[in-house]
Amino acid sequence: MNKLILVTGGTGYIGSHTTVELMNEGFDVVIIDNLSNSEKSVLDGIVEITGRRPYFEEFDICDKEKLDNFFKIYKKIDAVIHFAAYKAVGESIEKPLKYYQNNLITLMNLLNGIKEHKVSNFVFSSSATVYGQPDKLPVTESAPFKTADSPYGNTKQIAEEIIRDTINANRDFRAISLRYFNPIGAHSSALIGELPRGVPNNLVPFITQTAAGIRDELKVFGDDYNTPDGSAVRDYINVVDLAKAHVVSIKRMIDNKSKSNLEVFNVGTGKGSSVLEIVNAFEKATGEKLNYKMSERRVGDIESVYAETRYANEELGWKAEIGLDETLLSAWNWEKNIRNIK
Ligand code: NAD
Ligand code: UFG
């Protein structure tokens, strides 16, 4: 019988790509999503790619009673991947309680449910945001947390602590926290991808929407950073590569390969790219000319962060494989597909 994986937030951007990779590897998937930041039609894209439909349950994981009922129906879950959360950094500064409420209550409800129903494997979506501006680059998993720049970032720090304390008290329970750097791109089929609502906050959706004529111009936030070209540097990781890191993590736990009950891995490429390098790479990969201008720094942005990936490469046995040009082209193909651009 196939192993059954619960994917919370599975109709979202990273969750949908991870569902596809899990199903491609022969896992069965049940998704819980309340569709607060995704569309049900994402399931059709998953079916088109994999030939199979994941189970889907639409409800809010903050609702403890519904979650308890869920665990009574789906009795044999082998592992949980917890993506469901709010993720808009700017909004979290304006509405902190919305973020603490959703991101922490969902986590605690799930951990309680897992404990009660004896599911022992848990993968958590953490973020490079926990490092803030690191003292040393590339940043390793053992770098200290810096004071969070936003309530969103703080929810990730607190969540990692909640998971650590839960594991210390329940030694039959295992978790892996994956600290994502900057996920970008879409599935090569262009059948699933990122679906930002309103004006995108993130760089690559803003670029593709500008190229599609939906936005007039891209503002490059900051030209005076202490970086080779003055624009800020991040580690951009292809979303399918990121999805595969989850599959490897699930197999590691199910096969009893974890070195300790709580493991933490950076999920990045190890290479930093500046905003201007991304703009140039996008133009080169797609042949589209991008209207952009240099602009003020965005409040709260850090200068530079990229991952030390050795631990993930050697211990987890996972490595980013897809290059930047292919990734940016996949983001453009997805944008063209949803906008019907030929
Ligand atoms: P997303 O918004 O596309 O997906 C999250 C999904 O969770 C959405 O489909 C949403 O409807 C669902 N959801 C939210 N709250 C819920 C609730 N209470 N009950 C049920 N469903 C709920 O986001 P994403 O980019 O796929 O991010 C997934 C995870 O990865 C998040 O935890 C996010 O914080 C983390 N992460 C994302 C990035 C990034 O740049 N995208 C970077 C680092 C970490
Ligand atoms: N940027 C622009 N113009 C834009 C949008 C972004 O120049 O219109 C720049 C930003 O200033 C930054 C870079 O592009 O230098 C990347 O910005 P994103 O908003 O795409 O990503 P961030 O690095 O700010 O944050 C992302 C996720 C967070 C996560 C963090 C982890 O949004 O959730 O990566 O590193 F915590």
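## Basis and residue classes

In what follows, Ala, Val, Leu, Ile, Met, Phe, Trp, Tyr, Cys and Pro count as nonpolar, Asp, Glu, Lys and Arg as charged, and the others, Gly among them, as polar. The model is predicted, and local features need pLDDT of at least 70, side-chain atom pairs count only at pLDDT 80 or more, and totals for chains, interfaces and linings use all residues. Residues are numbered from 1 along each chain as its sequence is written, chains are lettered from A and ligands numbered from 1 in the order in which they are written, and side-chain values use heavy atoms, with hydrogens and water left out.

## The shell around ligand 1

By these classes, eleven nonpolar, twelve polar and four charged residues make up the shell around ligand 1. The shell thus described holds 27 residues, with Asp33, Asn37, Ser38, Asn102 and Tyr152 the closest; a residue is near a molecule if one of its heavy atoms lies within 4 Å of it. E5 (121-127) supplies at least two shell residues, as do H1, H5 (96-116) and H6 (151-169), and the largest share, three residues, comes from E5. Helices (H or I, at least four residues) and strands (E, at least two) are DSSP runs, numbered from the N terminus.

Polar contacts here are pairs of N or O atoms within 3.5 Å; within protein, one must be able to donate a hydrogen and the other to accept it, and residues adjacent in sequence count only if both atoms are side-chain atoms. A polar side-chain atom of Ser38 lies 2.7 Å from an oxygen atom of ligand 1, while for Lys87 a side-chain N or O atom is 2.8 Å from a ligand 1 oxygen atom.

His17 belongs to helix H1 (residues 13-24) and counts as buried because its relative accessibility is 1%, buried meaning under 20% relative accessible area, exposed over 50% and partly exposed in between (1.4 Å probe, protein chains only). A polar atom of the His17 side chain is 3.1 Å from the backbone nitrogen of His187.

Thr309, in the loop between strand E13 (292-295) and helix H10 (310-316), is also buried, with a relative accessible area of 10%.

## Nonpolar cores

A nonpolar core is a set of buried Ala, Val, Leu, Ile, Met, Phe, Trp, Tyr and Cys residues joined through side-chain atoms within 4.5 Å. The largest has 36 residues, of which Ile5, Leu22, Ile46, Leu178 and Ile250 touch the most other members; helix H8 (residues 239-254) gives this core its largest share, seven residues.
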